[in-house]
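These are my notebook entries on one structure. I record what I looked up, entry by entry.

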Amino acid sequence: MYHYQKNIGDYRSATMHLSLVEHGVYNQLLDWYYLDEKPLPLDNRTLFRRLSARTEEEQGAVTDVLAEMFQETPEGWRHKRVERELAAYRAKAQQAREAGKLGGRPRKKVVGSGENRSGSSHNRSGSAIKADAKPTINQEPLTKNQPEAKSKSKGAKAPAAARQVVEIPDWIPAEAWLGFAEMRCKGRHPLTKRAAELIVIELAKLKAQGHDPGRVLDQSTAAGWRGVFPIRQDTGATSSGRKLSLVERAAQHERDANARRAAQQAMGQDDGDIRPSMGDRLR
């Protein structure tokens with residue numbers, strides 16, 4: 001017998017008082033017992049040599065463990081727990097051998113199944129099936145373990161961005177989060193579990209500062225940012241009062257910067273907030 005189960009709770013309760021040397025001896029004796037499937041020999045010399053017990057301390061541990069944990073019989077040192085395990089192992093092996101002689105495991109009988117007098121059986125729906133009928137190519141066995149057929153339709157499978165890698169708090173709008181995750185996925189930077197956790201932590205900080213988490217996520221989604229940042233206050237508006245989009249605001253900022261740069265060049269002044277042109281840096 002090359003494998004046996006070990007109940008750690010039972011073992012510790014029965015061997016709590018043993019020393020480290022005695023623990024090693026006890027485990028070696030159990031392995032020997034299971035491997036040979038018979039009681040241990042009574043001869044101390046054989047025991048000491050088999051266990052490599054050379055010192056006086058080791059040999060004393062062998063005799064002490066045998067006297068306390070095993071039972072001396074004319075056949076050898078016996079162990080009650082090991083004997084029960086070996087008996088169950090032999091019974092199972094014998095059952096397997098008998099089943100092998102009959103061509104394998106016996107087939108399970110279905111309650112209520114059988115053939116009627118006309119030589120036909122019945123399927124699950126109750127319709128009759130002829131005994132000599134041949135199965136078609138579409139006939140498949142039905143079992144309780146058979147997985148459900150996967151739908152091949154395009155809409156059956158949820159998009160990768162919609163699969164949440166972490167549990168999202170209730171104060172984060174689901175639509176804004178899914179839009180942000182989909183944007184990250186399309187940008188070839190899908191959210192990992194750690195990345196999602198960091199985004200949630202940053203959103204909590206921004207929420208404590210008075211920023212709306214949904215608007216923060218929508219801002220990053222619209223701008224194509226992989227992170228989350230405070231809501232920009234310079235939203236801007238057109239002459240008609242319509243708020244500018246992120247793209248329009250970026251273009252407006254660029255036009256304003258160009259206008260300031262042109263004005264400073266005309267006046268011969270240099271504002272510290274504006275970087276010098278490439279020609280100025282090469283001079």
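At what angle do helix H6 and helix H7 pack, and how far apart are their axes? I found that H6 (residues 174-186) and H7 (residues 193-208) pack at an angle of about 135°, with axes 13 Å apart.

**Basis of the entries.** I note that this is a predicted model, in which local features need pLDDT of at least 70, side-chain atom pairs count only at pLDDT 80 or more, and totals for chains, interfaces and linings use all residues. Residues are numbered from 1 along each chain as its sequence is written, and side-chain values use heavy atoms, with hydrogens and water left out.

**Entry 1: H6 and H7.** Helices (H or I, at least four residues) and strands (E, at least two) are DSSP runs, numbered from the N terminus. Axes are lines fitted to C-alpha atoms, for helices over the stretch in contact, and angles run from 0 to 180 degrees between N-to-C directions. H6 and H7 are therefore oblique to each other; angles under 35 degrees count as roughly parallel, over 145 as roughly antiparallel, 65 to 115 as roughly perpendicular and the rest as oblique. I then looked up the contact (heavy atoms within 4.5 Å): Trp177, Phe180 and Arg184 of H6 meet Ala195, Ala196, Ile199, Val200 and Leu203 of H7.

**Entry 2: Leu203.** I followed Leu203, which has its place in helix H7. Leu203 counts as buried because its relative accessibility is 1%; buried means under 20% relative accessible area, exposed over 50%, partly exposed in between (1.4 Å probe, protein chains only). Leaving aside neighbours within four places in sequence, Leu203 is in contact with Trp171, Ile172, Trp177, Pro213, Val216, Leu217 and Val228. The C-alpha atoms of Leu203 and Val216 are separated by 7.9 Å, and the two residues are 13 residues apart along the chain.

**Entry 3: H8.** In helix H8 (residues 213-223), I list Pro213, Gly214, Val216, Leu217, Gln219 and Ser220 as buried.

**Entry 4: H2 and H3.** Helix H2 (residues 20-36) and helix H3 (residues 44-51) pack at about 100°, with their axes 11 Å apart. That makes H2 roughly perpendicular to H3. I noted that Val25, Gln28, Leu29, Trp32 and Asp36 of H2 and Thr46, Leu47, Arg50 and Leu51 of H3 make the contact.

**Entry 5: His79.** Is His79 buried or exposed? I found His79 buried, with a relative accessible area of 10%. His79 lies in the loop between strand S2 (76-78) and helix H5 (80-101). Leaving aside neighbours within four places in sequence, His79 is in contact with Tyr26, Leu30, Tyr33, Met69 and Phe70.
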